[in-house]
Amino acid sequence: RILAEDYKLTPTDIFSEDTTYDKAKQALWELSTADRTLMMLYADCGSYRVVGEMLGCSHASVRNEILRIKEIMRDRMEVLDELY
């Protein structure tokens with residue numbers, strides 16, 4: 001069964017339209033190794049369910065972690081916008 005939320009949020013939703021690639025990349029590399037790995041898995045698969053199956057956890061857990069990480073990245077990119 002494919003979940004509707006698997007199609008609502010794509011990996012590119014991590015970044016807002018006005019951010020640059022360099023700021024997004026910097027924000028990604030400033031994440032913890034675990035968070036960065038999870039984001040890379042999600043970017044590769046594009047599905048909470050698939051990542052959950054790979055990690056042996058529920059799609060809801062993956063979704064919640066991805067949303068948390070996206071918020072961290074958005075906050076960091078706002079800081080980077082102010083610095084540059």
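The cover over the buried residues of H3 includes H2, H4 and H5, where helices are DSSP runs of H or I of at least four residues, strands are runs of E of at least two, and both are numbered from the N terminus. The buried set of H3 consists of Asp-35, Arg-36, Leu-38, Met-39, Leu-41 and Tyr-42; buried denotes under 20% relative accessible area, exposed over 50%, and partly exposed the range in between (1.4 Å probe, protein chains only). The structure is a predicted model, in which local features need pLDDT of at least 70, side-chain atom pairs count only at pLDDT 80 or more, and totals for chains, interfaces and linings use all residues. Residues are numbered from 1 along each chain as its sequence is written, and side-chain values use heavy atoms, with hydrogens and water left out.

The protein contains five helices and zero strands, arranged along the sequence as α-α-α-α-α. H3 comprises 13 residues and spans 18 Å from its first C-alpha to its last, close to the 18 Å expected at 1.5 Å a residue; the expected span is 1.5 Å times one less than the number of residues. After H3 comes Gly-46, which has a positive phi near 75°.

The largest nonpolar core has 15 residues, of which Met-39, Ile-66 and Met-73 touch the most other members. Two or more residues each are given to this core by helix H2 (21-29), helix H3 (33-45), helix H4 (48-55) and helix H5 (59-83). H5 supplies the largest share, five residues. Such a core is a set of buried Ala, Val, Leu, Ile, Met, Phe, Trp, Tyr and Cys residues joined through side-chain atoms within 4.5 Å.

Of the 84 residues of the protein, 33% count as buried. Among contacts (heavy atoms within 4.5 Å) between residues at least 6 apart in sequence, 72% join residues at least 24 apart. Val-79, located in helix H5, is partly exposed, with a relative accessible area of 34%. Val-79 lies 9.8 Å from Ala-27, C-alpha to C-alpha, although 52 residues separate the two in sequence.

The mean pLDDT, the predictor's confidence in each residue from 0 to 100, is 81 for the protein, and 76% of the residues reach 70 or more. Confidence is lowest in helix H1 (residues 5-8), at a mean of 48, and highest in H4, at 95. Over residues 1-7 the pLDDT is below 50, and this stretch has 11 contacts in the model beyond near neighbours in sequence. Where pLDDT is low, predicted coordinates should not be read in detail.
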